[in-house]
Amino acid sequence: MIAYFVMECAIDNNMPTYSGGLGVLAGDTLQSFADLDVPVSCVTMLWKNGFISQKISEDGVQFDGIQDWDPDKYLKPTDIKTKIPLGDDDVFITAWKYIVKGINGYEIPVYFLTTDLEENNAEDRKICDRLYIGNNIMRLKQEIVLGIGGYEILKAMNYDPYIYHINESHSAFLITSLMKNLGDINKLRAQVVFTTHTPISEAFDSYNMQDVVSMLNRYINTDIIDSIYGKEENKLNLSWLAIENAKNVVAVSRKHKYVSQKIFEGYKLKYVTNGIHHFKWASAHHKMLYSKYIKGWEEEPYLLSRVVSIHDNEFIKAHELAKSDLIEMVNSETGVSFTPESFTIGMAKRVTQYKRNNLILHNPDKLIEIAEKTGDIQMVFAGKTHPLDNIGKSIIQSIYDASRYIMSKTKKIRIVFIENFDMQKEILILAGSDLWLNTPTRPLEASGTSGIKASLNGVPSFSVYDGWWLEACNNGVNGWGIGPRPSWEDLTHSSDEEDLADIYDKLKYIILPMFYDSYTDYVKIMKTAVSTIIPYFNSHRMVSEYITDLYLTAMIQRYQENCRIGIYNI
Ligand SMILES: *Cc1c(COP(=O)(O)O)cnc(C)c1O
């Protein structure tokens with residue numbers, strides 16, 4: 001069995017156990033594992049109060065609250081319990097179970113860990129309250145619960161995984177447990193896979209060694225801690241812990257491999273480019289369209305290459321229906337009235353500095369001039385920012401300010417910000433837009449996935465050449481690139497001015513004229529987006545690569561060991 005560890009996991013829109021792309025990717029990955037009958041168990045955390053719920057005042061200030069939900073409705077408690085010594089306390093951990101069902105009925109258990117148990121003191125009961133919120137010591141406890149607690153919970157259930165997949169370094173403490181149990185660095189390494197998602201080394205989780213030792217000294221001999229850590233003096237950095245102890249280290253796109261190779265100098269990385277679950281992210285209208293014309297696409301994302309052969313009228317009809325769903329949401333949630341004929345740009349994702357969510361609004365007068373000259377523009381923004389991210393908050397505020405200014409100057413542009421972004425809103429926005437905008441600072445978008453979801457619904461990406469898009473983009477054929485196309489080795493950062501000028505130029509001279517004056521050509525790009533992108537950038541292909549490139553050696557080894565003792569499966 002493969003144990004897949006992740007700090008956040010987005011499975012059901014009613015379970016706020018995620019914050020963004022990492023959790024959504026985990027959910028898609030598990031669905032593909034289940035569809036493909038891969039023996040996996042997932043370990044994640046039961047965030048009782050979620051991440052944040054978002055409300056925004058009229059002048060653009062984000063107010064955030066907890067995300068209240070009822071785990072009882074979605075998860076089953078289990079009687080599995082373990083305890084780990086954490087500092088002076090013993091912390092009890094239990095797991096709630098969720099089953100991800102595959103298309104052919106195969107079941108993958110997901111164990112949501114929690115310390116919210118009567119046996120624990122009030123403070124430790126709160127360890128699983130909020131995702132990514134709390135001080136450094138709280139986060140350290142959370143990561144110990146995920147890594148070590150998760151390892152012990154699996155052991156308590158008599159699982160004996162041959163692969164531990166550390167999906168982003170939050171769970172890297174499980175290496176400590178493996179070391180304690182195996183006592184052999186080579187055996188340990190052979191069982192560990194680490195996927196890195198963060199292209200900025202300053203963002204790696206790092207703790208004072210003193211704090212780690214005082215938390216773990218009753219769990220493990222401190223000599224062992226020294227023997228497997230010890231990169232930085234007096235610090236424990238989880239990404240380095242993972243990279244030094246994993247046989248396979250993986251980046252999430254080809255470009256990200258080059259970026260990570262620079263950070264982890266001297267280590268060899270592989271890459272498996274991220275993908276999306278093709279069935280999960282299709283709008284209801286596109287599901288119907290594809291089921292009508294492409295039999296079997298539910299099981300075989302590769303078949304979507306045939307979308308080019310669907311008649312334009314039918315294809316356009318599905319898009320119009322998706323667009324009218326979006327407009328209905330916009331018109332009911334905001335005071336602005338969208339119209340179906342108008343060119344609509346979607347831009348929804350976490351709000352944070354490197355994503356540059358407000359870049360397109362940097363020169364409002366230029367945008368007004370473009371709309372006056374070419375045709376109406378509607379824009380839908382959405383996304384939460386972390387409560388402590390002041391830059392993120394100012395980005396949201398600037399979107400509100402620019403919208404107000406622009407809409408007071410012209411009737412030809414309508415801009416809305418949809419509050420409290422989640423997966424359901426994501427589908428509405430990405431399938432109902434005419435163009436999906438993505439403007440991260442290059443090369444900081446490790447992969448990105450929202451543009452793939454848009455492409456699945458026939459909505460072309462207009463994106464900076466970074467992450468997955470650098471592999472997928474054929475400019476003017478299946479979408480459009482923004483700014484210069486860098487070489488793989490070029491790690492320079494993009495310039496706001498250069499990218500912005502290209503956004504305005506392409507909108508004014510290429511994209512808007514094509515949409516308004518030559519829609520058949522536009523539809524061709526929409527269809528080509530589906531048929532050239534989805535056959536590769538899907539999570540079935542991604543997990544198939546995990547199996548062949550990352551898991552297979554350990555799988556075979558386990559199989560051989562089992563055969564020796566008369567068990568003929570893995
Ligand atoms: C897909 C998705 C993301 C990731 O978006 P990127 O633009 O790739 O960063 C974030 N949040 C939600 C809810 C998503 O569905």
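**Entry 1: the two domains**

I began with the domain contact: 19 residues of domain 1 touch 21 residues of domain 2. A reminder to myself that this is a predicted model. Next I looked up where the bounds fall. The domain assignment puts residues 2-54, 75-246 and 542-564 in domain 1, and residues 308-537 in domain 2.

**Entry 2: the mixed sheet**

I then followed an open sheet of nine strands, which reads 5-6-7-2-1-8-9-12-13 from side to side, with mixed pairing. At its edges I found strand 5 (76-86) and strand 13 (270-271), each with pairing on one side only. I took a closer look at one edge. Strand 5 runs antiparallel to strand 6 (residues 89-101), and eight bridges join the two.

**Entry 3: a helix pair**

How do helix 3 and helix 6 pack? I found an angle of about 50° between helix 3 (residues 136-156) and helix 6 (residues 209-216), and their axes are 11 Å apart. Angles of 65 to 115 degrees would count as roughly perpendicular and those under 35 as roughly parallel, so I noted this pair as oblique. The crossing is right-handed.

I listed the residues that meet there. Helix 3 brings Ile137, Leu140, Lys141, Ile144 and Ile148, and helix 6 brings Asp211, Val212, Met215 and Leu216. Sorted by class, that contact holds seven nonpolar and two charged residues, with no polar ones.

My last stop was another open sheet, with six strands in the order 16-15-14-17-18-19 and parallel pairing. Strand 16 (413-418) and strand 19 (479-482) are the edge strands, and each pairs on one side only. From one strand to the next, I noted an average twist of 20°.

Within this sheet I checked strand 17 (residues 435-438) against strand 18 (residues 461-464): they are parallel and share three bridges. Leu437 is the residue I picked out here, standing opposite Phe462 in strand 18.

Which strands does helix 11 touch? Helix 11 (residues 312-333) packs on the sheet against strand 14 (343-348), strand 15 (377-382) and strand 16, and its direction makes about 80° with that of strand 16. Helix 13 (residues 390-409) lies across strand 15 and strand 16, and I noted about 155° between helix 13 and strand 16.

Definitions and conventions: Residues are numbered from 1 along each chain as its sequence is written. This is a predicted model: local features need pLDDT of at least 70, side-chain atom pairs count only at pLDDT 80 or more; totals for chains, interfaces and linings use all residues. Side-chain values use heavy atoms; hydrogens and water are left out. Two strands pair if DSSP finds at least two bridges between them. Helices (H or I, at least four residues) and strands (E, at least two) are DSSP runs, numbered from the N terminus. Axes are lines fitted to C-alpha atoms, for helices over the stretch in contact, and angles run from 0 to 180 degrees between N-to-C directions. Angles under 35 degrees count as roughly parallel, over 145 as roughly antiparallel, 65 to 115 as roughly perpendicular and the rest as oblique. A crossing is left-handed if the near helix is turned anticlockwise from the far one by less than a right angle, and right-handed if clockwise. Contact means heavy atoms within 4.5 Å. Ala, Val, Leu, Ile, Met, Phe, Trp, Tyr, Cys and Pro count as nonpolar, Asp, Glu, Lys and Arg as charged, and the others, Gly among them, as polar. Domain bounds come from an automatic or database domain assignment.
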